[in-house]
Amino acid sequence: MSYHCPVCKKVSHAPLDLARHMIGRGDKVHRDWIYSKGFKYSELLLLQIKSFGGEGFKALAKVLEKETKVED
Amino acid sequence: MSKYSVIGTRVNMVGGTDKVTGNAKYTTDINLPGMLYGKILRSPHPHAKILRIDTRKAEKMVGVKAVVTGKDTIGKKQGIWRRFPELCDEEILCRTKVRFIGDPVASVAAIDEDTAEEALELIKVDYEVLPAVFDPMEAITEEAPQIHEGVELNINVNRHIEWGNVDDAFKKCDHIREDQFVCSSQAHMCMETHCAIASFDYNGKLTVWTSTQSSYYIQVLLMGMLGMREGDIRVINPYTGGGFGSKFELDSAQFCASLLSKKVCKPVKIVLNRMEEFTATKRRTPMYYFLKLGAKKDGTLLAKEVRVITEGGAYTAMGATALYLTGFFSSFPYKYPNYRYDGYRAYTNTQTSSAMRGFGAPQSTFVGESQLDMMADDLGIDPIEIRRKNGMTPDYVVPGQAFIQSCGLHQCLDKIEAHIKGRGKLPPNRGIGIAAYGFMSGGIFNWFDTPYAFSAAIVKINIDGKVDVFTGANEIGQGSDTTLSLICAEELGVNFDDIRIHSADTGICPADLGAWGSRQTLMSGNAVKMAAADAKRQLMEFAAAKLGVNIVYDLDIKDGWIHLIDRPERGVSYFDIVKAAIRGKDGETIIGRGHYTPHRKGMISPAYSFGIQAAEVEVDPETGKYKLLRATTAHDSGQVINPVGIEGQLEGAIMMAGGYGYCEDQPHENGRILNPAIGDYQLIRSLDMPETNILEIDTYEPEGPFGAKEAGEGLTNPTAGAIGNAIYKAVGVRINTLPITPEKVFKALKEKEKKEKKKKKKKK
């Protein structure tokens, strides 16, 4: 199973890794996709920054798991 | 007896005689006919819009030959992370906005420095001052002013590393600690400030003499910013008075001198003064660290989680790399089965933070080694034992990140343990603290997007047997010319004195990424070794024919004698064979070529050094003042190539890293650095230096030339952590913010006293 970035097609092996990639990349096109899913990029970042546990990534990963899965 | 003839011997530094006799010519010593002198006008505001720049008066001033502003540029932004255009965010000469006090806005070339300085005062800049933000924790709030357009929360870069299942692992821990630390800034304090002479000629060629850690990077960055072709720019690195991470990005002296020279077709020299060096170049990255560490009762570390927010300053520079490396080295040098790192770099209206010796690892080592001692203390385990239990070993894989081949960490632990035992019972208020560390031997990353090999070298053997080495590697005072000459001499089997090295001139040397990330011994060393082997092979063809040897025998050269390895007495003079080979090749010069780029070596580096340092301090409990008495280091750098060089690196590192732990800082108020002078900036000086000792460790790194790996930056990593732990051992107080000043120790001692009194009262 792999997960393809909906913006740049980068392949990740877990939705959490893909969330890390998308937030980490953080350029306009990746941010626009994140916004289109009802998230505020800055809120995800703040979730990450303010506490242990990677909560910002986890929130985005839930959406990515459903939308970007590709059967190998 | 050593199997090597040259490496590992004590030799005089290449260029050392020139330096100690005052004959070495640094960039600032070079004067060209008709040369002009440049000065740079800098922003007095931390954040402002540029409304108008009026240079007319300055241009009319007698003696002024040229004035440039952002309008004279091709309007590009530059950065060393060329693969990521959004991280190329620095104009150098600002066109519309300034982002820190010191941002350049104009530059003048005149017949002398005084005229250029005076002309700066005639340039009128109208600014619209904008709200500014200085602290990264404030910069990442919704209310903070946006420093770069479109960068939300001013978060410039974020980096994440994770393996294992951190959340589950914490549930299995017997003990968890959460701690916060603050790591301060530090100035590079090179003896030679940033400087450049640029000479653009009527043929459209630009030559730049500059104090740099990477001639190649400066060549390519100038190409981008001036709209020229790479081959039309030649960058020459004369003697250089230190870099420490501050000199491998394009700086204002290089860019403005080049721009001015292009305008007037005359050489222009710009030398930054010490105040500019402190306020307008780059610096070590201040960091807020949040750590969570979980362990079993027996001291087995199960999980670590790290969050970091760094004060990035106005531009990206090398800050993105420092952000990644501090996260990677937060896991060092231990085998964490579960690890998570989240790092964020915030833009602020302060001087840009970037690379500095250790590259994020001095920060991670200070916080990590402090917390590990706290964990050991909580669990009642000896600090050496907890490190022994969890320390990396040879052939260890850092999941998804790195493959450790050689690792002498446990040998280092044994040596340091013996050293501590040897010190016996210490007097009151004295303590020995330890810190373990590791570091890379050059970075694998190619954010610069070079199409060339990371290192390359050419070896030319002359008719008299003397050898010329051409390498793009930069000698910046760290001794790379010496190390590379030793490697070449060993491989060719000639004397060290037979080698003449030509380095870091892009006009005659093959490209090399330069002196940063402790890369030159391993990477440039491999390239030189390969080039020497290539030249040697060409000689051996003639030697084998001359000797008429059975093909089952192998030949080698030692001390100028080409011989059968199994029968060393049977051979022929190297010098005779060189002559014969050149004649036999129709007079063609013997030239060997070598190059090195790491492949399939993980994400970070092809090899890692390891070490432990023990710092011994004595604290005066009345005042908090303490003295660093001894720093003893067991450092695993693989096969030692240049022992004198390692000793120099160690002493320099103690001075620099001790300063980071003890006194160095760059406090600022409203974006203005408060101590921008050598008299105000506190350093460890010669009389404050502790006794330093290095304990030798015997390891061999398969990836390194003759088994060598780094011995430069890694030594900067442990000292602050070791000092912090030593102070705790001495007087029982823990300081979580750098630098650990006597004032902080004093305050902590008073707090401790208060708490103890309260406890006593309660008992009564």
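**Close-up 1. Residues of helix H9(B) meet residues of helix H10(B).** On the H9(B) side, the contact is made by B:Leu325, B:Thr326 and B:Phe329. On the H10(B) side, their partners are B:Ala361, B:Gln363, B:Ser364 and B:Thr365. Sort the residues of this contact by type: three are nonpolar, four are polar and none is charged. The model shown here, as in every view below, is predicted.

**Close-up 2. Helices H9 and H10 of chain B cross.** H9 spans residues 319-329, and H10 spans residues 361-379. Their axes come within 8 Å. The crossing angle is roughly 35°. H9(B) passes H10(B) in a right-handed crossing.

**Close-up 3. Three strands of chain B form an open sheet.** The strand order is E24-E25-E26, and the pairing is antiparallel. Strands E24 (555-558) and E26 (571-573) of chain B stand at the edges. Each has a single partner strand, so one side of each is left without a neighbour in the sheet. From one strand to the next, the twist averages 20°. Strands of a sheet pair through backbone hydrogen bonds, in either a parallel or an antiparallel way.

**Close-up 4. Strand E24(B) pairs with strand E25(B).** E25 of chain B covers residues 561-564. The two strands pair in the antiparallel sense over four bridges. Which residue stands opposite B:Asp556? The residue is B:His563, in E25(B).

**Close-up 5. Helix H14 of chain B lies across the strands E24, E25 and E26 of chain B.** The helix spans residues 520-547. H14 runs at about 110° to E24(B).

Definitions and conventions. Residues are numbered from 1 along each chain as its sequence is written. Chains are lettered from A and ligands numbered from 1 in the order in which they are written. This is a predicted model: local features need pLDDT of at least 70, side-chain atom pairs count only at pLDDT 80 or more; totals for chains, interfaces and linings use all residues. Axes are lines fitted to C-alpha atoms, for helices over the stretch in contact, and angles run from 0 to 180 degrees between N-to-C directions. A crossing is left-handed if the near helix is turned anticlockwise from the far one by less than a right angle, and right-handed if clockwise. Two residues are in contact if their C-beta atoms, placed from the backbone, lie within 7 Å. Ala, Val, Leu, Ile, Met, Phe, Trp, Tyr, Cys and Pro count as nonpolar, Asp, Glu, Lys and Arg as charged, and the others, Gly among them, as polar. Two strands pair if DSSP finds at least two bridges between them.
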